[in-house]
Amino acid sequence: MSSTGPILTVDRLSVRLPKGADRSHAITEVSLSVAENEIVCIVGESGSGKSMMANAIMRLLPQGVTTDHGRILFVGRDLCAASAAEMRSIRGAEIAMVFQEPMTALNPLRTIGDQIGEVLDIHTGLAKAEIRSRVLSLLSDVHIPDPPRAAKAYPHELSGGQRQRAMIAMALALDPKLLIADEPTTALDVTTQAQILKLIRELQQRRNTAVLFITHDFGVVAEIADRVVVMQHGVVVEHGTAREVLRNPRHAYTQQLIAAVPPVAAPPPRRLSDQTLLALSGVVKTYRAGGFLGRGARVTHAVKDVSFTLPKGATLGIVGESGSGKSTLARCIIRLIDPDAGSILLDGHDWALMSRREIRQRTQQMQMVFQDPFASLNPRRKAIDLVAQGPIVHGTPRDKALSEARELFQLVGLDPSAADRLPHEFSGGQRQRIGLARALALKPDVLVADEPVSALDVSVQAQVLRLLTSLRERLGLSIIFITHDLRVAAQICDLVAVMKDGVVVEHGLTHQVFGTPQHAYTRALLDAIPGGDFARTPHP
Amino acid sequence: MDALKRYFRSPAAVLGLVLLLIVVGMAISAGYLYPRDPLALAGRPLVWPFTNPRFLLGTDNSGRDIAAQIFHGARISLLIGGVATLIAVTIGVMVGAIAGYYGGWIDNILMRITEAFQTLPNFVLLLVLVAVFGSTLTTVTIAVGIVSWPAPARLTRAEFLSLRSREFVQAGRTLGMPDAQLILREILPNALPPVIVYAGVVMAVAILLESALAFLRLSDANVASWGNLIGLGRDVLRVQWYVSAIPGVAILITVLAVSLVGQGLNDALNPRLKQR
């Protein structure tokens, strides 16, 4: 499998950031090499400089950011010294790139076929008909169903996975020697991610392409990498073959990252209370869009007849891919959205039937933690006010609410002296703690958490999950935990319900559902978790 | 504070602020420098500027001191501009906030009304209002405010539409906040910066609208406004052009100052847009 000489050699490269950034260099003295027919993964969390690496190689650094030291050798040429014109002929033709979000990387106003054809048109002198047939063969190479139709489609008409396939087809159109993939599967569902990873592997082997694969997920690394480079704060902390690094990590940071990606094995089940706290039965939510007086409207069944019960003190995970209706369900439960039918019984009151007024009065019983730690806090409010505003709305005197808020800061592991700062002065994990404190300020019985950790780095994810686990024991919380990540669900949930297309296809105790899945979709989800055996068996 | 620092880093914004302060200074000092009624006869008519030290900017066709009218006119223009802008922005923010927050039929009704106002040319509507309600200073100011509210309303509505579905607003809702609190304390402070910036444009237009009205001699003739002076100068435009030109320059400078300050505020409040 291994090969002749390296395609790409990065030699002690440093990239300087503009003045006023949080550090002087995005990357400091990083060396790595990628050989023909080899997949090298750069792993690191946000801020590690891994994406800057890709931009530096492509010479597409943002304004004010410059490489100030080192060389980038690409088949014998130093890219740092190449002219702008040379770089243009290299980009796309010899080094191609696949981005994280295919929707923003594609032009929404032009068809897929057009955009792939454009690459061929710019770099080769092929005739129109020939370009067309090349486009179709590329699209069939990336296994897009019905290539002629996909070529005529606009980006929004394809699914996320198909768009990413189209991006890969475009990247491979000119048989590049090096493919740089910057988090290409992060925005995708697990099952789609598994397919795309398989596709990249397959194409790479067939064409002997060198691949530089940037990711934050050690599961993905286990799935695809030949060699691994681990980066932290712009420095390479560890590198080696995938086997070495995964089985025998030497650096503490690598060990921490790997520990943050635990196997999908549920911890021993806790004893659950017999007392039912929350009972859903037959919850339905249907969206209608367009149409006139109800005729010809597009109907989306977001949630179809969902029933389950949440025992007191238990954590119920609702898992599923995007579009499965899990977020809609969460918002129905807490009545941000009005369900069309069904009942949501909490403490003898049917939340599905309550008026807005009654809900405002009863919100103390049920609170929500949101997904995006950046969007879920009012940017103009101090952290302490954000936490205290709930109790104040419900009639607690301001002084008392503020002092309680300070205690909550301590409870969620924040420094109470930071209470007067604005949200943007906190990191993502800290903001999520503020969001949690805000929800806990009302002392709810039920906490609805909508993907509370999916916007966070893996190591921060682990911290927040530990916090949630300890809080639920101390406060006797019952939690509905929405997530797309089965590994996260396995860590924290006593019970899981697997959702697909608005229906709960399987539910039960976590270790049963994940250990002996009954439904084909649950099995597909579990198989799709990147990392194969690495993810399923405990790490040494 | 950062915004303030960014504001003073832009030369154009500082120039705008200086010009605006000069105009404000003129308005404040008018009473001390020209204590007499600016509309009273002061000397021979049509004295050219810089010929008689008593009338630095000359006199108009009925022998009134132009400099006195310019200084006192600054008061009127700023008053009309300020109050009309306040009226326009208040109505606009209220309509836009309610339409954007509630959506549905409320939004439909309010936006159709806004469009009804927008489809009529501003100035024609202003003429109608003045023709119906008379042309005292108060009615003119209110009329200018009433024709200027649709644009701030649309802007506020757009901001509310995008902000109301943000997670922090949903979080407020799950905490049990009533609608009024969500609108006023959660969404409005986040929606306001672009509206404040746009208020600069509204103010400039309001000053121009009043001047145009005065030029047609439809504004309040009993106050010394720049527009009135331009209107008077119309009769002697070909020979004694300075009668119209001097207040014209005053309007130009004021509108320029207000626009520059508005632009400066925009860049200071939205620093990311500036880095293009």
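In the predicted model, chain A contains an open six-stranded sheet of mixed pairing, ordered β16-β17-β18-β13-β19-β20 (strands, E, at least two residues, and helices, H or I, at least four, are DSSP runs numbered from the N terminus; two strands pair if DSSP finds at least two bridges between them). Its edge strands, each pairing on one side only, are β16 and β20 (503-509) of chain A. Residues are numbered from 1 along each chain as its sequence is written, and side-chain values use heavy atoms, without hydrogens and water.

Strands β13 (315-319) and β19 (495-500) of chain A pair in the parallel sense over four bridges; L316(A) has L495(A) as its bridge partner in β19(A). Helix α17 (458-475) of chain A packs on the sheet and touches β13, β17 and β18 (478-483) of chain A (contact: heavy atoms within 4.5 Å).

Between chains A and B, 23 residues of chain A are in contact with 17 residues of chain B. Two salt bridges cross this interface (side-chain nitrogen of Lys or Arg within 4 Å of a carboxyl oxygen of Asp or Glu). One salt bridge joins the side chains of R381(A) and E186(B), at 3.1 Å from N to O. On the side of chain A that touches chain B, the elements giving two or more residues are β16 (366-369) and α14 (383-393) of chain A. The most is given by α14(A), with three residues.

Methods
Chains lettered and ligands numbered in written order. Predicted model: local features only at pLDDT ≥ 70, side-chain atom pairs only at ≥ 80, totals over all residues. Axes fitted to C-alpha atoms, helices over the stretch in contact; angles between N-to-C directions.
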